[in-house]
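This report describes a two-part topic: the fold and the side-chain interactions of the structure shown below. The sequence and model come first, and the description follows.

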Amino acid sequence: MSVVSRTVAAIPVRTSVATWQAITDLLAPANSAGRGRLEAVTNIAAVLITAEYTRQAPVVVIPTSGPRVRIRTAHGTDAAETQAGEIPLAVRPCAASGWTMSLPCGIDDIEEIRAALDRHPGIEVRDVTDGVTVDEPAEGPATEGWSIDYEEMERP
Amino acid sequence: MSTAVYVNTATYAATHVATNMLGSIRSIVKGSGLDPGRIRESWDILENGIATWLASRHLKAVTLEVYDPRTSADDLVGRFDFTIDYGYYPDGDGDLWLDPDTVAYAIRKNGAFPARCEYRIVADTAPGRPDVRGWATTTYRSTAGFTRHVVGTAIGGGSLGAGLAYYSRSGT
């Protein structure tokens, strides 16, 4: 599966909540079916952003079709430099329902955050030191999607 | 343009201090054996208020007040203050920093609270502050019988500094 990566400026350019709102804007347009799920975890995500877990490891989004999306946050002086270079996604992967997400979290907070996410099916938390091993969506009917094969593009 | 640089530096400093002050309070809550759910569930309201009043320079202090709901007057059992100094670095170069060791020291010195204890976060503001959704006026619980211990400056940014102090019962 192809992967698209983005970095979003966090503290001090944005507060932790404003950073998650910027990530939400990146992933889902206003009034789209999937946006409410992102907004519902704003406070949980803001805690993770404040702790800078999203700097150490990405938020991973697996849409129902199209490339997987990884989003990191930039903090401190990196944040100011990052903001000017933020690039929207060609296709916003959480516009439709059915996507899943993995949030990075430190071991000291993971039990608390996992319990808080119990009410948010399809959004999971993983140890920030783990590799990204998010389950793929169950096989279903073929969908008309597209993706960018970056490995192919980088071949000489 | 120099004005724009100043505005950005001051805004960045306020955001840095606000968010990290809230993060530090959460560390104190968890490190003191209190339930972090309450602070997490109100994160957007708390951060918005603290950041707004820091940027407008109305914020004087942010306090974590710990109390025992089983006592008749919800008596204070502990308290942590982050006191804002707007002139901590009169010629601040814009450096943004957080000293988690200062916070960890205060947690260690204070010790844990009984699991039955609850807490709230109080912002002390100067007159004329802008209203922020979700905040209401209140008064502090009495600190009679407590001693205030100043730990040091825990967070800095631009000209701002946030000093940390905790309260313990006198004679303990």
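## Fold of chain A

Chain A holds seven helices and five strands, where helices (H or I, at least four residues) and strands (E, at least two) are DSSP runs numbered from the N terminus. Of the 156 residues in chain A, 49% are buried; buried means under 20% relative accessible area, exposed over 50%, and partly exposed in between (1.4 Å probe, protein chains only). Contacts are heavy atoms within 4.5 Å, and among those in chain A between residues at least 6 apart in sequence, 71% join residues at least 24 apart.

## Conventions and confidence

Residues are numbered from 1 along each chain as its sequence is written, while chains are lettered from A and ligands numbered from 1 in the order in which they are written. The model is predicted, so that local features need pLDDT of at least 70 and side-chain atom pairs count only at pLDDT 80 or more, whereas totals for chains, interfaces and linings use all residues; side-chain values use heavy atoms, with hydrogens and water left out.

The model scores ipTM 0.92 and pTM 0.89. Chain B has a mean pLDDT of 92, with 94% of its residues reaching 70 or more; pLDDT is the predictor's confidence in each residue, from 0 to 100.

## Nonpolar core

The largest nonpolar core has 78 residues, of which A:W20, A:L27, A:M101, B:M21, B:L54 and B:L59 touch the most other members. Helix α1 (residues 2-31) of chain B gives the most to this core, with nine residues. A nonpolar core is a set of buried Ala, Val, Leu, Ile, Met, Phe, Trp, Tyr and Cys residues joined through side-chain atoms within 4.5 Å.

Neighbours within four places in sequence aside, A:W20 is in contact with A:L38, A:V41, A:T42, A:A45, A:I49, A:V59, A:M101 and A:L103.

## Salt bridges

Over all chains, 16 salt bridges are found, each a side-chain nitrogen of Lys or Arg within 4 Å of a carboxyl oxygen of Asp or Glu. In chain A, A:R35 pairs with A:D25, their closest N and O atoms being 2.7 Å apart. This pair links helix α2 (residues 35-40), which holds A:R35, to helix α1 (residues 16-27), which holds A:D25, the two residues being ten apart. A:R35 is buried at 14% relative accessible area, whereas A:D25 is partly exposed at 40%.

A:E112 forms a salt bridge with B:K30, with the closest N and O atoms 3.1 Å apart. The pair crosses between chains, from helix α6 (residues 110-116) of chain A to helix α1 of chain B. A:E112 is buried, at 13% relative accessible area, and B:K30 is partly exposed at 28%. Both residues belong to a network of salt bridges that links A:D109, A:E112, B:R26, B:K30, B:R40 and B:E41. Within chain B, the side chains of B:D68 and B:R116 meet in a salt bridge (2.9 Å, N to O). B:D68 lies in the loop between β1 (59-67) and β2, and B:R116 in the loop between α4 (100-110) and β4, so the pair ties together parts 48 residues apart in sequence. B:D68 is buried at 7% relative accessible area, while B:R116 is partly exposed at 38%.

## Aromatic rings

Three aromatic pairs are found over all chains. Rings of Phe, Tyr and Trp (its six-membered ring) pair if their centres lie within 6.5 Å; planes under 30 degrees apart count as stacked, over 60 as edge-to-face and the rest as tilted. The rings of B:W53 and B:W135 are edge-to-face because their planes stand at 75 degrees, with centres 5.1 Å apart. B:W53 lies in helix α3 (residues 43-55) and B:W135 in the loop between β4 (118-125) and β5 (146-157), 82 residues apart. B:W53 is buried, with a relative accessible area of 3%.

The rings of B:F80 and B:Y166 have centres 6.4 Å apart and planes at 35 degrees, so this pair is tilted. B:F80 belongs to strand β2 (residues 76-85) and B:Y166 to strand β6 (residues 160-169) of chain B, 86 residues apart in sequence. Both B:F80 and B:Y166 are buried.

Charges also sit over rings, meaning that NZ of Lys or CZ of Arg is within 6 Å of the ring centre and within 35 degrees of the ring normal. The charged end of B:R141 is placed over the ring of B:Y67, 3.8 Å from its centre, and B:R38 lies over the face of B:Y119, at 5.9 Å from the ring centre.
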